[in-house]
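Keep the sequence and the coordinates side by side.

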Amino acid sequence: MDFDKLYSSGLHCPEPDDVTDVAKQLAVTLPENLTLLLDGFMGAGKTFFASALAHALGVKEQVSSPTYGIVNVYASPRRNLVHVDAYRLESNQTAENLGIEEMLISPWVLLVEWPQKAPELAFGETWRLTIETPPCGGRSLRLVKPLGV
C-alpha cells in the first residue's frame, strides 16, 4: 500500500481490511492533540474508520457511532480519544455546549464526523480525511494536513 498517496491524489482501498491498514499506519504518525475531521457521505465509512483508528491507538472496547449521544470518549494507553458525530447538531450554540474542550485531556485526538455541521469543533492541529465510495467499489481515502481552520 502506497501510504504517500493518501496525502496527494488519494488512496483506493478495495477491501475493509485495507481501510484498517491505513488507520494502523496513520495511528503511528498522528501528532499529539490533533483534530481529525472525517468527511464523507452517509454510509461512506467514517465510523468504520474511527473504530479502526481507535483500535490502532489501543482502545480495547467496542467503538460505536455517537450519532444519538453525539460524543463518545475512549481511553487508551496512547491517547485520549474523543469521537463526535455532528450530524444531529442543530446550531453552533449546541456544538459549543457539548464541552468538548474539557474532554480533551492531553495527549488527545478528536475525531469529528460531519465537520461541516460544527466547524468550531477544530482544536489544535487539524487534518481532514475524506472518505468516498468510488463506482469501482471499496473506499477512496484522501488526507489533507494541516488545515488552516
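**From one proline to the whole sheet**

P107 is found in the loop between helix 4 (100-103) and strand 5. Helices (H or I, at least four residues) and strands (E, at least two) are DSSP runs, numbered from the N terminus. A cis peptide bond joins S106 and P107, with omega about -5°. The model is a predicted one: local features need pLDDT of at least 70, side-chain atom pairs count only at pLDDT 80 or more, and totals for chains, interfaces and linings use all residues. Residues are numbered from 1 along each chain as its sequence is written, and side-chain values use heavy atoms, with hydrogens and water left out.

Two strands pair if DSSP finds at least two bridges between them.

Strand 1 pairs with strand 7 (residues 139-144) in the antiparallel sense, over 3 bridges. There H12 stands opposite S140 of strand 7. What does S140 touch, leaving out residues up to four places away in sequence? The contacts of S140 are L11, H12, T130, I131, E132 and P134. Contact means heavy atoms within 4.5 Å. S140 has 17% relative accessibility and therefore counts as buried. The classes are these: buried means under 20% relative accessible area, exposed over 50%, and partly exposed in between (1.4 Å probe, protein chains only). L143 also lies in strand 7. L143 counts as buried because its relative accessibility is 1%. From L143 to E90 the C-alpha to C-alpha distance is 27 Å, and the two are 53 residues apart in sequence.

Move across to strand 4. Is this strand enclosed or open? Of its 6 residues, 6 are buried, so strand 4 is largely enclosed by the rest of the structure. In a regular strand the side chains alternate between the two faces of the sheet. Both faces of strand 4 are covered. N80, V82 and V84 are buried on one side, and L81, H83 and D85 are buried on the other.

Strand 4 has partners on either hand. With strand 3 the pairing is antiparallel, over 5 bridges. V71 has V84 as its bridge partner in strand 4. These two strands form a hairpin, with 4 residues between them. With strand 5 the pairing is parallel, over 6 bridges. Here V82 has L110 of strand 5 as its bridge partner.

Next, the first helix. Helix 1 (residues 16-27) has 12 residues and reaches 17 Å from its first C-alpha to its last. That is close to the 16 Å expected at 1.5 Å a residue; the expected span is 1.5 Å times one less than the number of residues. Its buried residues are D18, V19, V22, A23, L26 and A27. They pack against strand 1, strand 2, helix 2, strand 6 and strand 7.

Turn to the aromatic rings. A search of the whole structure finds 1 aromatic pair. Y87 and W114 form it, at 4.9 Å centre to centre and 55° between the planes, which makes the pair tilted. Rings of Phe, Tyr and Trp (its six-membered ring) pair if their centres lie within 6.5 Å; planes under 30 degrees apart count as stacked, over 60 as edge-to-face and the rest as tilted. The pair links distant parts of the chain, 27 residues apart: Y87 is in the loop between strand 4 and helix 3 (92-96), and W114 is in the loop between strand 5 and strand 6. Y87 has a relative accessible area of 35%, so it is partly exposed. W114, at 12% relative accessibility, counts as buried. The charged end of K117 sits over the ring of Y87, 5.9 Å from its centre. For this, NZ of Lys or CZ of Arg must be within 6 Å of the ring centre and within 35 degrees of the ring normal.

Finally, the backbone. Most residues other than glycine have a negative phi, and most peptide bonds are trans. W114 has a positive phi of about 60° although it is not a glycine. N33 also has a positive phi, near 55°. N33 lies in the loop between helix 1 and strand 2.
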